[in-house]
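I opened this notebook to record what I looked up in one structure.

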Amino acid sequence: SSHFGTSALPKQAQRAGAQRRPDCACGPRPWRDGRSCNIALVLFRFRSMSPGLEEPDQKTAEELEAHFGTSLDRGLSSQQAAQILARDGPNELEKPPKPTLLMLFILQLTGFVIILLLVAAVASITVNATGPAKNDILSYTTGKAIFVIVILNAGIAAWTEHKAGDALEALSKMTQASIFVLRDGHEVKVDVPEVVRGDVVVLGTGDVVPADMRLVEADDVKVSEMALTGEPDDVAKTAKIKTKKPGEPEKLTPENMVFSGCSVTNGKGKGIVCETGMSTRIGRIAQLIAGDEGSKPKTKCGCLPDTSANATPLQQNLEKLGGRIGMIAIVVCIVIFIIGVAMDRTDPANPGSPAWLYMILIAVTLAVAAIPEGIPLCVTISLSIGCSDMVRKNVLVRKLAAVETLGSASVICSDKTGTLTEGKMTMVNMYTGTVSYDVEGKGFDPTVGSIRRETGGAEAGMDLGVRSSLLAALLCCNTSLSKVLDPETGEEKWEPKGNSSEAPIVVAARKIGFSES
């Protein structure tokens with residue numbers, strides 16, 4: 001009954017769905033426009049696991065003030081805020097330490113096939129170093145070649161994974177640097193990581209909600225909850241309490257609650273912070289991305305992170321192949337050694353040497369020859385080529401082995417808005433004074449494109465109908481347009497701040513010389 005399929009969700013989300021499905025507002029029915037309610041189930045679990053105030057959307061302003069020890073008129077005192085910050089920690093998402101290039105390189109050497117190759121290389125060099133041709137450099141060629149192949153293979157894989165970004169980085173970027181809060185009776189600007197539970201936050205159009213908040217004042221507030229629900233439409237918010245009726249299911253995003261990472265697209269309001277950091281909705285999503293909630297990272301070999309749970313079918317098959325080859329090689333070598341010693345086979349070039357020493361040399365030589373040292377390098381080079389081809393098509397691959405997993409996928413289910421599309425609205429046509437006009441350009445850059453008549457294509461930026469219509473529309477907008485620095489590319493880009501529906505109007509007005517300021 002699910003459009004996306006629950007298998008695409010983390011195991012924690014699936015368990016949450018199994019536990020809370022009877023309480024879901026949609027039950028087996030699709031949510032809103034026909035999409036499944038998998039995300040809704042995850043959000044239900046977040047509410048039930050929240051360590052803060054239970055159901056803050058059902059509490060009055062006075063109850064919230066008493067619970068958090070704050071005041072709607074004065075906010076927290078600086079001393080209170082400092083104590084809460086020391087107790088709860090900063091209001092930011094915890095990110096697991098990113099593995100260094102050296103750690104990634106070492107991780108590539110922990111595969112079973114790689115370990116077999118390393119053992120074979122050491123054995124080959126040891127046997128040749130104790131043999132009659134120990135002074136001949138060419139006798140060490142096999143061992144050296146295996147070492148070079150292993151190092152080259154590990155280097156390519158480690159470098160590819162090191163260049164890729166982290167999914168948690170995208171979540172942490174969904175906040176702004178500072179926000180206005182009430183402290184000691186004054187409205188002050190504080191850094192978002194210093195926002196604490198009980199803070200009274202003042203929100204305006206264009207602000208990004210710094211934490212999960214219960215609104216106590218709302219003047220035509222609308223919020224984009226795309227980060228949580230995937231819905232592109234702005235959601236109207238209110239400070240009123242909607243009392244639940246007996247048997248009525250719990251709402252996913254109550255009308256009097258706003259959540260961390262969601263942007264205010266219209267109006268202004270004031271709210272009390274109920275949850276911060278990893279206790280927010282967006283923090284729970286970060287935990288699902290990072291792994292099992294509350295569990296310590298699994299390790300292997302004592303200190304290296306264990307990634308076996310995320311192994312792709314190719315990696316699993318290579319591990320099985322390596323295990324089989326290793327076992328067969330060991331069994332064959334033992335059998336050859338026993339037979340050779342039983343038949344008293346000695347070295348023809350040195351008949352006086354013991355048979356067991358000569359048979360060890362023969363057994364190790366067979367083992368080195370049996371292990372296919374070219375497999376890891378061939379696989380890594382093939383995946384690297386596929387990874388490079390995808391990068392040229394603007395696809396970022398975080399894990400090199402994921403290229404194989406994507407290639408084996410037969411059906412990909414994806415949300416449209418913000419995934420297959422940009423989630424941006426632009427003006428392409430306008431009609432005024434019985435005349436139709438084309439609005440050129442792409443995105444939010446007002447310096448690209450112009451407004452032309454639909455018939456004839458004449459420049460229409462000075463037409464009275466165009467200027468009067470866009471000026472009237474611009475005066476009704478609260479959205480602003482400015483250049484911001486893209487932290488990833490280092491380039492400046494135009495970005496609207498405010499209502500997503502008003503942004504196209506502001507951009508079109510800028511094209512003919514008007515300014516929202």
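The entries follow in the order in which I made them.

**Entry 1. Basis.** I note that this is a predicted model, in which local features need pLDDT of at least 70, side-chain atom pairs count only at pLDDT 80 or more, and totals for chains, interfaces and linings use all residues. Residues are numbered from 1 along each chain as its sequence is written, and side-chain values use heavy atoms, with hydrogens and water left out.

**Entry 2. Overall counts.** I found 17 helices and 14 strands in the protein chain; helices (H or I, at least four residues) and strands (E, at least two) are DSSP runs, numbered from the N terminus. The chain has 517 residues, of which 39% count as buried. Here buried means under 20% relative accessible area, exposed over 50%, and partly exposed in between, with a 1.4 Å probe and protein chains only. I also looked up contacts (heavy atoms within 4.5 Å). Among those in the protein chain with a separation of 6 or more, 67% come from residues 24 or more positions apart.

**Entry 3. A three-stranded sheet.** I traced an open antiparallel sheet of three strands in the order E10-E11-E12, where two strands pair if DSSP finds at least two bridges between them. From one strand to the next, the twist averages 30°. Strand E11 (residues 435-439) is joined to E12 by three bridges, and Asp438 stands opposite Arg452 in E12. Helix H16 (residues 464-475) lies across E10, E11 and E12 and runs at about 105° to E10. For such angles, axes are lines fitted to C-alpha atoms, for helices over the stretch in contact, and the angles run from 0 to 180 degrees between N-to-C directions.

**Entry 4. Salt bridges.** How many salt bridges does a search of the whole structure find? I recorded eight, each being a side-chain nitrogen of Lys or Arg within 4 Å of a carboxyl oxygen of Asp or Glu.

One of them joins Glu440 and Arg452 at 3.3 Å, N to O. Glu440 is in the loop between E11 and E12, and Arg452 is in strand E12, twelve residues apart. Both are partly exposed, Glu440 at 33% and Arg452 at 29%.

Arg453 and Asp463 also meet in a salt bridge, at 3.2 Å. Arg453 lies in strand E12 and Asp463 in the loop between E12 and H16, so the pair ties together parts ten residues apart in sequence. Arg453 is partly exposed at 32%, whereas Asp463 counts as buried at 18%.

I then examined Arg197 and Asp88, whose closest N and O atoms are 3.4 Å apart. Arg197 is in the loop between strands E2 and E3, and Asp88 is in helix H4 (residues 78-88), 109 residues apart. Arg197 is buried at 18%, and Asp88 is partly exposed at 30%. Shared partners join Arg87, Asp88 and Arg197 into one network of salt bridges.

**Entry 5. A buried Glu.** Glu65 lies in helix H3 (residues 61-68). I found it buried yet without a salt bridge, since its nearest side chain of opposite charge, Lys270, is 9.4 Å away; Lys and Arg count as positive and Asp and Glu as negative, while His and the chain ends are not counted. Apart from neighbours within four places in sequence, Glu65 contacts Thr70, Ser71, Leu72 and Ile272.

**Entry 6. Cysteines.** I found zero disulfides, a disulfide being a pair of cysteine sulfur atoms within 2.5 Å. Cys476 is exposed at 62% relative accessible area, and Cys477 counts as buried at 14%.
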